[in-house]
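This report goes through selected features of one protein chain, by topic. The sequence and the structure come first.

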Amino acid sequence: MTHRQILVIIFALMAGMFLSALDQTIVGTSIRTIADDLNGLALQAWVTTAYLILSTISTPIYGKLSDIFGRRPLFIIAISVFLIGSLLAGLATSMYELAVFRGIQGLGAGGLMALPLTIMGDMLAPRQRAKYQGYFLATFGIASVIGPLIGGLLSGSHEILFITGWRWVFLINIPIGVVALAVVLKFLHLPHTKRAVRIDWWGAATVILALVPLLLIAEQGREWGWFSAGAWACYVLSAAGIVAFIFVESRMGDDALIPLKLFKNSTFSVATVLGVLVGFGMFGALLTVPLYLQLVQGATPTESGFLMLPMILGLMIASIVSGQLIARTGKYRIFPITGTLFMAVGFVLMTFLTVDRPLWYVMMSMFFIGLGLGQMMQTLTIASQNAVGPRDIGVATSASTFFRQIGGTLGTAVVFSFIFTRLPNTIGDAFADPTNTANLKAALADPTVLANPANKTILGLLQSNDPSAISNALDGDTSFLNNSTRALAYPFLDGFSNAIASVFWITLAVITVAFVLSLFLKATPLRQKSALQEASDLDARDDALAAEALSAANTMGALIEPGTSDGEREPSATVADTLRAAPVPDATPGTDATTSAEGTDSTTKPSGPRHG
């Protein structure tokens, strides 16, 4: 393929990935407005959970089905399903409907995130792949920046083109998706060889049984209680699902949804575990830093999106530089090491966050985290793809994406659980601080402070003398802090910033483990051929072997004595004996060596005249 053809297809893939990346960020700033309009604020968690569950589960399924039926039809299906879900979500009349329609969106989003990287693996050799994957990280970065901005603008508008403003959060996907679908239909034409394989329906069923309870407890654990009856039911069901999934996959062999043979390769195994740990740290940063910026620094959702630019800038710089270096040198082992090191530096700085830290300090910390992520994300994908055969590249890519999503989900659950568990203690400590107490008393003695309507909620909390009400004041609506007097809000902000800072010790510990593990990553040499070319070579070799076997059989004549019945076969010669005696053709025309199925070299060439 020419450079121009590659860029056209990359544009189509970027458009599809942009849909999914934008949807993850645009809804976050508008969900409160949506929930208020649909009268279901308490149900908003289910809207997020439905999307998360379906997108995570569908990721490996798309990868496996694309290996069987081809990338193009599965990518078209993913875009179509996502557009249908977006249209239905824009027409939802209740939170329950929205949760169902968001689930349909998630069903398409699983393919939109996994298949573009898989298609890249088909088109390009691993050494050249890193150079182009920077485009995808740039797409993810742009969506992360403009998503909160667009979500805030749309949900803040009462009506656009006679349609309620927040509904455009979902309907905006329609024109983008139609363009992506048109480009894919016109330009994305990849050769595919159909293979007769079994579809692993039981694997899909058991992975659902394993993940749905786990994701439910991850999202709802704080509400239900981590050791409640419902939580224990989820733990048991998930454990049973994991055991059943491993059993089914071991029986399915190469036809498994996630073939267990992939984990026999140490490079793939280490890269997969690194992906889980990096996903944990990445989501820990992406979700908690905006919260700190909005609540403690007083930024609006739109402003917090712009303040995340240093992280996105670091991610893009690191991905472009590392991609170019990988393309030129063919070496990538250093990048997981330096990537986790940069992330660790960023999280160390984050552990010292306080309510009075200047913005430049926070932005510098985010820049280091971005530099680390930019070196890790594409490198781990390349390592996973390079470690498997060309016919397994789809399932390997989707498996690495799948486990990274699981890491991000667990990171989200652990981080937020820890924050809100620590929050009552940190707020209590902030109110007990002598300096905060003195400032609070001085503010309460000021008549203008007492007369300010913006201070009504805080004054009511302080006058109630209920420690639990004060400690849990930030569990629900926190808008009462926005315009209140600084001295009154300061203890709440101080407690929240301390809770946020303490959670970064967890992410730092996880990234430290990732750094140690990265030292054991075996960087196998990057292959010089694309997966499509390798698969084509394998098919050509198989066809040549079959042709030679048929020719040998014809040369030896019939293996059944004339005049005998089917059951009276001559024992002196068998088909296997005949084929063993047949010459083996070269794997590549014009070469002196051929590679056997086990990967060993043979220099045996056919000699003498051949008789047909």
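Is Leu161 buried or exposed? Leu161 is exposed, at a relative accessible area of 65%. Here buried means under 20% relative accessible area, exposed means over 50%, and partly exposed lies in between (1.4 Å probe, protein chains only).

## Basis of the model

The model is predicted: local features need pLDDT of at least 70, side-chain atom pairs count only at pLDDT 80 or more, and totals for chains, interfaces and linings use all residues. Residues are numbered from 1 along each chain as its sequence is written, and side-chain values use heavy atoms, with hydrogens and water left out.

## The loop between strand 1 and strand 2

Leu161 sits in the loop between strand 1 (159-160) and strand 2 (163-164). Helices (H or I, at least four residues) and strands (E, at least two) are DSSP runs, numbered from the N terminus. Phe162 is in the loop between strand 1 and strand 2 as well, and Phe162 is exposed, with a relative accessible area of 76%.

Most residues other than glycine have a negative phi. Leu161 has a positive phi, near 55°. For Phe162 the phi value is also positive, near 65°.

## The salt bridge

There is one salt bridge in the structure, where the term stands for a side-chain nitrogen of Lys or Arg within 4 Å of a carboxyl oxygen of Asp or Glu. Its partners are Arg486 and Asp356, whose closest N and O atoms are 3.8 Å apart. The pair links distant parts of the chain, 130 residues apart: Arg486 belongs to helix 21 (residues 486-518), and Asp356 to the loop between helix 14 (334-350) and helix 15.

The two partners fall in separate accessibility classes. Arg486 counts as partly exposed because its relative accessibility is 43%. Asp356 has a relative accessible area of 52%, so Asp356 is exposed.

## The nonpolar surface patch

Four residues, Ile242, Ile246, Leu260 and Phe263, make up a nonpolar patch on the surface, with about 310 Å² of accessible area together. Patches consist of residues with over 30% relative accessible area and no salt bridge; like charges are joined within 9 Å, and nonpolar side chains (Val, Leu, Ile, Met, Phe, Trp, Tyr) within 5 Å. The areas come from the Shrake-Rupley method with a 1.4 Å probe, and for residues only the protein chains shown count as cover.

Phe263 lies in the loop between helix 10 (229-252) and helix 11 (266-295). Its relative accessibility of 31% makes Phe263 partly exposed.

## The cavity

Rolling a probe the size of a water molecule over the atoms shows where empty space is left. The structure holds one cavity of 30 Å³ or more, and the largest cavity has a volume of about 30 Å³. On a 1 Å grid over the protein atoms alone, a cavity is a set of points where a 1.4 Å probe fits but cannot get out, and lining residues have an atom within 4 Å of a point. Grid points are joined across faces, edges and corners, and the volume is the space filled by probe spheres set on the points.

Which residues line the largest cavity? The lining is made of Ala271, Gly275, Leu380, Thr381, Ser384, Ser400 and Arg404. By class, the lining has two nonpolar, four polar and one charged residues. In this scheme Ala, Val, Leu, Ile, Met, Phe, Trp, Tyr, Cys and Pro are nonpolar, Asp, Glu, Lys and Arg are charged, and the others, Gly among them, are polar.

## Pairs separated in sequence

Lys64, in helix 3 (residues 44-69), counts as buried at 8% relative accessibility. Lys64 and Ser398 are 334 residues apart in sequence and 8.0 Å apart in space, C-alpha to C-alpha. Gly346, in helix 14, is buried, with a relative accessible area of 0%. Between Gly346 and Leu508 the C-alpha to C-alpha separation is 8.8 Å, and the two are 162 residues apart in sequence.

Thr93 lies in the loop between helix 4 (71-90) and helix 5 (95-123) and counts as exposed at 55% relative accessibility. Thr93 and Asp37 are 56 residues apart in sequence, with 9.3 Å from C-alpha to C-alpha.

Definitions and conventions:
On a 1 Å grid over the protein atoms alone, a cavity is a set of points where a 1.4 Å probe fits but cannot get out, and a pocket is an open set with protein on both sides within 12 Å along at least five of seven lines; lining residues have an atom within 4 Å of a point.
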